[in-house]
Amino acid sequence: MRTTFLQLFCLLTLGMLALAACNLPTNRISTAAPTDMQQPVETSTGTQTAQVEIVPSDTPAVTATETQTPEPSATFTPEPTMAEVVRESNCRVGPGALYDLVAKYQVGQKLEVVAKDLGNTYWFVKNPEKPEEECYILAQNVTINGDTAALPKFTPQPSPTAMPYYNVAFKKLDTCAGVDFALFTIENVGSVPFRSVYIKVTGTKGDSVEQVLNAFDLKVRCVLAKNIAPLDPGASGYIYSPPITWAGHSVFRAVIMACTEKNLKGTCVTQTVDVKGA
């Protein structure tokens with residue numbers, strides 16, 4: 001009897017367990033498209049699965065375009081300033097006859113100008129036969145073609161021997177016997193005396209007067225006020241022109257050449273002075 005009861009109890013228990021199992025939720029397979037992709041990632045401890053989210057991009061694909069290189073523009077090279085020889089002239093390593101001779105140029109020779117000297121009496125030019133060689137040529141012996149404003153001014157190198165040089169400037173128009181004459185001041189800044197001077201004054205219409213002096217005297221009107229002969233180094237003197245008789249002489253050009261010996265002999269240095277609004 002006890003055995004039958006136990007068997008019945010076991011059967012009831014099994015039946016209840018079976019009914020409970022029928023009410024458990026079941027696993028369903030989703031048919032929705034996956035939004036994530038799984039890719040294995042290698043690690044030091046093994047292979048793991050990483051979640052990689054794929055996000056659609058609105059950025060358009062980059063298309064390679066052809067880049068055109070602009071043509072290089074031409075570089076402007078200014079024309080060099082040129083000097084044309086108008087009378088046979090020596091070209092030396094310094095501005096004066098005491099310097100070594102580099103070359104002698106004939107009329108018509110064209111030379112590239114490199115610079116001008118501080119006294120505006122010489123041009124510094126290239127020797128066309130040896131472009132690396134340069135020399136000083138007397139300004140009055142050449143004509144200049146081109147712009148000289150940007151050219152540098154050179155200080156002459158020291159002369160191996162005594163060097164004559166001076167500074168000259170227009171002072172005023174003075175009067176003698178009812179006519180005018182031009183008066184200039186001269187300062188000897190060289191190392192040798194000057195004993196003579198030549199002056200030529202030319203007006204705007206081409207009229208000119210000239211003379212040679214063997215002294216650097218000061219004249220006040222028609223009276224000799226100070227006798228200066230010779231003009232020693234460091235001294236100052238005066239140069240005056242012959243009477244100027246033409247009208248409209250407020251603008252003119254004076255060419256002055258001072259020499260170390262009387263009567264324009266020895267070593268001579270020439271300068272040009274332009275006078276405006278005298």
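This is a predicted model: local features need pLDDT of at least 70, side-chain atom pairs count only at pLDDT 80 or more; totals for chains, interfaces and linings use all residues.
C268 counts as partly exposed, at 26% relative accessibility, while its disulfide partner C259 is buried, with a relative accessible area of 0%.

**C259 and C268**
- The sulfurs of C259 and C268 lie 2.0 Å from each other.
- This link is right-handed, with 110 degrees about the S-S bond.

**C176 and C222**
- A disulfide joins C176 to C222, with an S to S distance of 1.9 Å.
- The pair links distant parts of the chain, 46 residues apart: C176 belongs to strand β11 (residues 166–176), and C222 sits in the loop between β15 (218–220) and β16 (223–226).
- C176 is partly exposed at 23% relative accessibility, and C222 is partly exposed at 45%.
- The link of C176 and C222 is right-handed, with 120 degrees about the S-S bond.

**C91 and C135**
- C91 is joined to C135 by a disulfide, S to S 1.9 Å.
- This pair also connects distant parts of the chain, C91 in strand β4 and C135 in strand β8, 44 residues apart.
- C91 is buried at 0% relative accessible area, and C135 is buried at 0% too.
- The link of C91 and C135 is right-handed, with 100 degrees about the S-S bond.

**Strands around β4**
- Strand β4 (residues 89–92) runs antiparallel to β5 (residues 101–105), joined by 4 bridges, and S89 stands opposite Y105 in β5.
- Strand β4 is also antiparallel to β8 (residues 130–138), through 2 bridges, with R92 opposite Y136 in β8.

**Overall pattern**
- Counting bonded cysteines along the chain, the disulfides follow the pattern 1-2, 3-4, 5-6.

Methods: Residues are numbered from 1 along each chain as its sequence is written. Side-chain values use heavy atoms; hydrogens and water are left out. Two strands pair if DSSP finds at least two bridges between them. A disulfide is a pair of cysteine sulfur atoms within 2.5 Å. Buried means under 20% relative accessible area, exposed over 50%, partly exposed in between (1.4 Å probe, protein chains only).
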